[in-house]
Amino acid sequence: MITGEQENKITDYLIAQQLSLDILVEIRDHMISQISDLQFNENISFEEAFLKIKESWNGEFKLVNYLLFYPTTIPLIAKRIIQEKYAGLFRKSLMIGLLAFGINLLLIFIARNQDDYNLFFKLLNGSFLLGSVLVLALNYKIWKYLKADFKYKGKSLYTMYQQNIGSMVVCTFSMAQVVMKNGNYAYQFFRENNHSEVFSTLVTLIFPFILQTALIFAVFNFTEHKKNLMKMREFLKPA
C-alpha cells in the first residue's frame, strides 16, 4: 500500500524530470501501480521498489529536442506522448481546413459577381475568427493558466498544450487581417479566366487554408489544455 508521503516522493521525482503536469499525472499513476506490484510480488520495501522502477524508466527521461513545438529539450517519453496527441489534433484540423477550402472554391462558382464572392470570402474567414474569439472569451476563467511561462512551482508546465497557447492569439490576429482582404484574384482566375496573377491567386487560396487549419489546431489545443486542467484540480489548489 503506497502512503501519501510515498506518493509525494514519486511526484517530486517526476517534477524533477521536467514533465508537464498532465503527462506527470498519467505516468505517476502507472508508476505507483508498478511499485505496488513489485512490493507485493518481491516482498520488498517501497524504497527498493522505487529504485528498481526508476532504473527501468531511466531511458524514458533522456532529454531530446522537439524544435517544432518546444524551444528547449524535453524528456523522450514526453515527446512520444506529445507527438501522438498532436498527430490526432492535426489530422482533425487538416480535415476541417480542407472542407473550408472546398467550400471556398464552391463559393467562387456560386457567387453572381465579384462583390458577392468578396462578401462570401469575408464571411467564411470571419466565421473562423469569430469562433476563436468566442472560445477565448467564454473561457476567461482559465486565462491565468494560459501563459507559456506560468509554471507550476517554477518547475513544470501545467499541460503539454500550454506551450502552444500563444499560437491561438497569433492565428486569431492573422485571421483578422485576412478578413479585411478580398478574394479578387481567385474570382478573376476561375470566373473571368484572368491568369495573369497566378502567384497572387495561389496566395489568396492557400494562405487562408493554412491559417484556417492552424487556427482550428490552436482551438483544439486550447480545448485539450482546458480539459486537462480540469483533471488536475488537486495539483492546482494553492499550497
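The following exercises, each with a worked solution, concern a predicted model of a protein.

**Exercise 1.** Determine how many helices and strands the protein has, and in which pattern they follow along the sequence.

*Solution.* Step one is the count: the secondary structure comprises nine helices and two strands. Step two is the order, which reads α-α-α-β-β-α-α-α-α-α-α along the sequence.

**Exercise 2.** Describe the pairing of strands β1 and β2 and the two faces of β1.

*Solution.* Strand β1 spans residues 63-66, and strand β2 spans residues 70-75. The two strands run antiparallel and are joined by three bridges. Within this pairing, Leu63 has Pro75 of β2 as its bridge partner. Three residues lie between the strands, which form a hairpin. In a regular strand, side chains alternate between the two faces of the sheet. In β1, Val64 and Tyr66 make up the covered face, whereas Leu63 and Asn65 make up the uncovered one.

**Exercise 3.** State what share of the residues is buried, and what share of the accessible surface belongs to carbon and sulfur atoms.

*Solution.* With buried defined as under 20% relative accessible area, 45% of the 239 residues qualify. The accessible surface comes to about 13,700 Å². Carbon and sulfur atoms account for 61% of that surface.

Definitions and conventions. Residues are numbered from 1 along each chain as its sequence is written. This is a predicted model: local features need pLDDT of at least 70, side-chain atom pairs count only at pLDDT 80 or more; totals for chains, interfaces and linings use all residues. Side-chain values use heavy atoms; hydrogens and water are left out. Helices (H or I, at least four residues) and strands (E, at least two) are DSSP runs, numbered from the N terminus. Buried means under 20% relative accessible area, exposed over 50%, partly exposed in between (1.4 Å probe, protein chains only). Accessible areas come from the Shrake-Rupley method with a 1.4 Å probe; for residues, only the protein chains shown count as cover. Two strands pair if DSSP finds at least two bridges between them.
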